[in-house]
Amino acid sequence: MDIRKIVNELKDELIELRRDFHQHPELGFEEYRTSDKVAKYLEGCGLEVKTGIAHTGVTGFLKGDQPGKTVMLRADMDALPVQEKNEVEYKSLEDGLMHACGHDGHTAMLLVAAKILAKQKDKICGNVLFIFQPNEEVAGALEMINEGVLADYEIDAAFSQHLWTPLASGEIGVSGGAVMGGLHEFRVTVEGNGGHTSAPHQAADPVLTAADIINSVQMIQTRQIDPLKSTAIMFGMIKGGTKTNIIPEEVELEGTIRFLYKAGPDSEERPKERFEEIIEKVCLKHGTNYKIEYLAYSPPVYNNPDLAHLVQHLASEVVGGANVTHYYSLAGEDFSEFSDRIPSVFFFIGTGNKAKGTDYPHHHPKFNIDEESLITGVEMHVRTVLNYLSGKSLTAN
Ligand SMILES: [Zn+2]
Ligand SMILES: [Zn+2]
């Protein structure tokens, strides 16, 4: 079977779908139009369709004619509150909303892959669960899981892709292990004892303590944790004080701890626990108190090494070995909720092309994708499923 030829025959439909989603962006958990279109398309392909999972999530289940394993493919559907600045015929029709992360392309690619695979039903040994997820930007995956999206199926492996402008069009980035960052979002409140700046010895200064905390925790990233294990502790917000000559009662620090490895209290790295230990010691030194709150947590996206090997092999068939690279990012991606539960691979489809103006960063008002890379994405979806379910997957090299 010539998969590329089959995908190319659906190229116009693929681009049309993507442009339609692009013109009608919807925010997370509000993807009503998108999810309606997705459900109708999947029904048209003859899949068993469920809707309304985590508000707007949709799944399609394809049962192959022969028994076998079950593989899951996932696309995300949400757009962003960004005003589009691209002057293209398929520009967003919604004021202040835009598909500025490529999720329009993800949805279109997975739909076309579902159509192709549904037509190969007689050759498929096993099943495919297609997940169309709402609200990737704010943790929609976990809500789908909490509503039981995985409960009805025994899933053996999961795959997902991101169209990625930092990677050149024609390249695919895939690696084993952690590939997108885990995240702890924190708020630290330093509580001192206020006073006059002329008599600091009579106060307990939360400003000096806060400065000391910001400096001291930086040692975690290299002096306490192997610098080859990426850790980034960043402060995005400092709040405190009312006047130049007043020592305030309180200073608030907010920021993120990002890491590219599996971390927990028993791991060697344990960045969160080290962060807490240093804050405790610094506050003790200054005679101040503190409170730490965590505003959000997500695990890193973790790629199963054997499955990543399989995807590398398939990617080299699709784009040529020289165009397959290792790729990692400290940014968060909520596919991590799936990769935390199922052996998975999350990989990057390069779509950056300066000549076509598709080299803007994700979430930028001029973000756009090279539509040629949609073909690559569909081909990767189809090949991954067929190869994995053929049972030969782990012998690939
Ligand atoms: Zn995004
Ligand atoms: Zn995204």
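The model is predicted, and local features are reported only at pLDDT of at least 70, side-chain atom pairs count only at pLDDT 80 or more, and totals for chains, interfaces and linings use all residues. Residues are numbered from 1 along each chain as its sequence is written, while chains are lettered from A and ligands numbered from 1 in the order in which they are written.

The protein chain is divided into domain 1 (3-178 + 300-395) and domain 2 (182-298), with bounds that come from an automatic or database domain assignment. The centres of domain 1 and domain 2, taken over C-alpha atoms, are separated by 38 Å. Nine residues of domain 1 are in contact with ten residues of domain 2, two residues being in contact if their C-beta atoms, placed from the backbone, lie within 7 Å. The side of domain 1 that touches domain 2 comprises six nonpolar, two polar and one charged residues. In this classification Ala, Val, Leu, Ile, Met, Phe, Trp, Tyr, Cys and Pro count as nonpolar, Asp, Glu, Lys and Arg as charged, and the others, Gly among them, as polar.

Strands are taken to pair if DSSP finds at least two bridges between them. On this basis, eight strands form an open sheet of mixed pairing, in the order β1-β2-β4-β3-β5-β16-β6-β15. Strands β1 (48-53) and β15 (324-325) stand at the edges with a single partner strand each, so one side of each has no neighbour in the sheet. The pairing of β6 (residues 172-173) with β15 is parallel and extends over two bridges, with G173 opposite T325 in β15. Helix α9 (residues 305-319) lies across β5 (157-168), β6, β15 and β16 (344-352), and runs at about 30° to β16. For this and the other angles, axes are lines fitted to C-alpha atoms, for helices over the stretch in contact, and the angles run from 0 to 180 degrees between N-to-C directions.

Another open sheet has four strands in the order β10-β12-β8-β13, with antiparallel pairing. Its edge strands, β10 (231-240) and β13 (289-298), each pair on one side only. With direction ignored, neighbouring strands of this sheet are turned by 20° against each other on average. Strands β8 (residues 182-191) and β12 (residues 250-259) run antiparallel and are joined by ten bridges; G182 stands opposite F259 in β12, and the bridge partner of F186 in β12 is G255. Nine bridges link β10 and β12, again in the antiparallel sense, and A232 is placed opposite R258 in β12.

Two helices pack on the four-stranded sheet. Helix α6 (residues 206-216) touches β8, β10 and β12, and its direction makes about 10° with that of β12. Helix α8 (residues 271-286) lies across β8, β10, β12 and β13 and runs at about 165° to β13. The two helices, α6 and α8, also pack together at an angle of about 145°, with their axes 10 Å apart. Their crossing is right-handed, a crossing being left-handed if the near helix is turned anticlockwise from the far one by less than a right angle, and right-handed if clockwise. In this contact L208, T209, D212, I213 and S216 of α6 meet I278, I279, V282, C283 and H286 of α8. These residues divide into six nonpolar, three polar and one charged.

Helix α4 (residues 103-119) packs with helix α3 (residues 32-44) at an angle of about 15°, the axes lying 10 Å apart. Helices α3 and α4 are therefore roughly parallel to each other, where angles under 35 degrees count as roughly parallel, over 145 as roughly antiparallel, 65 to 115 as roughly perpendicular and the rest as oblique. The crossing of α3 with α4 is right-handed. Residues T34, V38, Y41 and L42 in α3 meet T107, L111 and A114 in α4, a set with five nonpolar, two polar and no charged residues.

Helix α4 also packs with helix α11 (residues 372-389), at an angle of about 45° and with the axes 9 Å apart. This angle makes α4 oblique to α11, and the crossing is right-handed. The α4 residues G105, A108, M109, L110, V112, A113, I116 and L117 meet L374, G377, V378, H381, V382 and V385 in α11.
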